[in-house]
Amino acid sequence: MCQVPVAELVGKTVLLYFSAKWCGPCRAFLPTLVDVYNKIKEKNSDFEIVFISSDRDQSSFDDFFSGMPWLAIPLEDERKAYLKKKFKIRGIPSLVAIGPDGKTVNTDAKTSLAVHGADAFPFTSERIQELEKKIDEMAKGWPEKLKHELHEHELVLIRRPRPYGCDGCEEMGTSWSYNCAECDFDLHTKCAL
């Protein structure tokens with residue numbers, strides 16, 4: 001493993017990726033993160049991810065890190081505990097975005113990435129607000145309520161602050177859904193319309 005000095009990250013947007021092989025949600029999230037990373041890197045060389053592992057042994061660390069195209073802090077590095085404490089990491093996977101000036105721009109970049117994908121770059125609150133505004137503008141043309149053949153109750157258009165599972169196509173959805181409060185049934189807007 002080659003070593004990269006922290007100075008090489010100055011001037012870049014950096015995501016700190018707190019994760020571990022033993023964590024099922026971490027393994028499930030990794031392919032999405034790799035895809036988004038590749039899309040962002042294609043257009044922005046001033047972007048990097050640094051893996052901060054909670055793995056318990058070197059072989060687990062090595063195995064999990066082998067599927068990542070980015071950097072990592074070594075498993076035994078003492079800075080990991082400091083970073084977890086500084087960013088109040090309570091669960092994994094977690095992503096913290098650090099701006100080019102070294103200041104924290106988003107302590108929940110995982111949600112921003114899950115909702116907006118590569119478009120969330122550079123993960124600032126201004127960028128996320130801009131994306132949310134676009135989505136809200138699109139929603140103005142959608143019906144507030146509808147009936148759908150996949151569900152017996154009326155569905156209501158609601159704003160979703162977090163990703164959800166679509167009961168139609170079974171993929172993850174973001175931003176808006178047609179929801180049945182009685183049954184906790186959700187459809188993507190694309191599935192409902």
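Predicted model: local features only at pLDDT ≥ 70, side-chain atom pairs only at ≥ 80, totals over all residues.

Trainee: How many residues of β4 are buried?

Mentor: A residue counts as buried under 20% relative accessible area, as exposed over 50%, and as partly exposed in between (1.4 Å probe, protein chains only). Five of the five residues of β4 are buried, so this strand is largely enclosed by the rest of the structure. Burial applies to both faces: S94, V96 and I98 lie on one side, and L95 and A97 on the other.

Trainee: How are strands identified, and in what order do the five strands of the open sheet lie?

Mentor: Helices (H or I, at least four residues) and strands (E, at least two) are DSSP runs, numbered from the N terminus. Two strands pair if DSSP finds at least two bridges between them. Here the order is β3-β2-β1-β4-β5, with mixed pairing. The edge strands, each pairing on one side only, are β3 (71–72) and β5 (104–106).

Trainee: In which sense does each pair run?

Mentor: β1 (residues 13–19) and β2 (residues 47–53) are parallel, with seven bridges; within this pair, L16 has V50 as its bridge partner. β1 and β4 run antiparallel and are joined by five bridges, and V14 stands opposite I98. β4 and β5 are also antiparallel, with two bridges; I98 has T104 of β5 as its bridge partner. A hairpin is formed by β4 and β5, with five residues between them, and G102 in its turn has a positive phi of about 90°.

Trainee: Which residues does A72 contact, beyond its neighbours within four places in sequence?

Mentor: Contact means heavy atoms within 4.5 Å. By that criterion A72 touches V50, F51, F61 and F65. A72 belongs to strand β3 and is buried, with a relative accessible area of 18%.

Trainee: How should I read the length of α1, and where does this helix bend?

Mentor: The expected span of a helix is 1.5 Å times one less than its number of residues. α1 (residues 24–43) has 20 residues and reaches 30 Å from its first C-alpha to its last, close to the 28 Å expected. A bend at a residue is the angle between axes fitted to the seven residues ending there and the seven starting there. In α1 the bend is about 35° at L30, and the proline P31 follows within four residues.

Trainee: What covers the buried residues of α1?

Mentor: The cover includes β1, β2, α2, β4 (94–98) and α4 (109–116). Among the buried residues of α1 are C26, F29, L30 and Y37. The helix α4 is itself mostly covered, with six of its eight residues buried. G117 follows α4 and has a positive phi, near 60°.

Trainee: How much of the whole protein is buried?

Mentor: Of its 193 residues, 46% count as buried. The protein has six helices and nine strands, and its C-alpha trace spans about 55 × 35 × 30 Å along the principal axes.

Definitions and conventions: Residues numbered from 1 in each chain as written. Heavy atoms only, no water.
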